[in-house]
Structure formats: structure tokens, C-alpha cells
Amino acid sequence: QVQLVESGGGLVQAGGSLTLSCAASGGTFSSYAVGWFRQAPGKEREFVAAISRSGGSTDYEDSLKGRFTISRDGAKNTVYLQINSLKPEDTAVYYCAGGPDLARLRLRLSTYWGQGTQVTVSS
């Protein structure tokens with residue numbers, strides 16, 4: 001059974017950058033598309049970005065496209081989320097998830113979820 005572990009979160013000033021990592025253990029990401037989601041206090045978990053099994057296709061939330069970049073490294077069994085020009089409203093717990101394809105990930109029909117990593121952006 002695949003286990004997902006997020007890392008790379010922390011406290012950063014507005015305008016800075018972070019790269020989050022989602023590492024798989026007990027298996028590989030080869031059979032799954034992978035997505036990133038985030039949840040701020042008092043709000044629903046929202047879709048951020050997703051990448052296909054091969055890495056050839058990506059999907060981004062329209063309002064975030066341009067500052068967020070998703071990528072994957074098959075050799076390291078890891079998916080990344082690079083965030084540039086961080087804003088205070090980016091403060092949230094960020095989760096990664098594995099699913100069958102991009103469309104189902106956007107609909108939160110995921111097979112595996114990580115436990116999340118906290119990103120806090122100060123003004």
C-alpha cells in the first residue's frame with residue numbers, strides 16, 4: 001500500500017518562495033496521477049494542481065496558475081509543488097493525493113492522501 005508524506009512547509013515572508021515535496025513509500029507513483037490541495041482554517045479543502053502519471057499533462061486552479069508549478073521525478077518517487085510570490089492568503093495546510101487521472105483528482109476522487117504540511121506566509 002502506498003503511503004504519501006508531504007514536506008517543505010514552514011514560515012516564509014510574503015513575496016518569497018517554497019517548494020513542497022510529496023514522497024511515496026511502500027510503492028511508486030507510476031500508476032497514479034498526483035494532485036495538490038490546500039485547506040485554510042474555516043474553509044473547504046480546495047484543488048491547487050495535478051499532474052498525470054507520465055508528467056505530460058498538468059491541471060491548475062485558474063486563480064493560482066502562474067505562481068504554482070507542479071512537477072514529478074520518477075527516479076525519486078516524488079512530486080513537487082513550487083510556489084512563487086507567496087501571499088498571506090496562501091497560508092494553509094497543503095496535502096498531496098494520488099488518483100486515477102486529472103479529472104478525478106480535481107473532483108477529489110483520490111485513492112491516497114498524505115497528512116499535510118503547514119505553509120504560513122507572513123505579511
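Mentor: An open sheet of 4 strands, paired antiparallel, has the order S1-S3-S8-S7; strands are DSSP runs (E, at least two residues) numbered from the N terminus, and two strands pair if DSSP finds at least two bridges between them. This is a predicted model, in which local features need pLDDT of at least 70 and side-chain atom pairs count only at pLDDT 80 or more, while totals for chains, interfaces and linings use all residues. Residues are numbered from 1 along each chain as its sequence is written, and side-chain values use heavy atoms, with hydrogens and water left out.

Trainee: What is the bridge partner of Leu20 in S8?
Mentor: S3 and S8 run antiparallel and are joined by 6 bridges. In S8, the partner of Leu20 is Leu81.

Trainee: Is Asp90 buried or exposed?
Mentor: Asp90 lies in the loop between S8 and S9. Buried means under 20% relative accessible area, exposed over 50%, and partly exposed in between (1.4 Å probe, protein chains only). Because its relative accessibility is 0%, Asp90 counts as buried.

Trainee: Which residues does Asp90 touch, leaving aside residues up to four places away in sequence?
Mentor: Contact means heavy atoms within 4.5 Å. By that criterion, the residues are Arg38, Arg67, Phe68, Ser85, Val119 and Val121.
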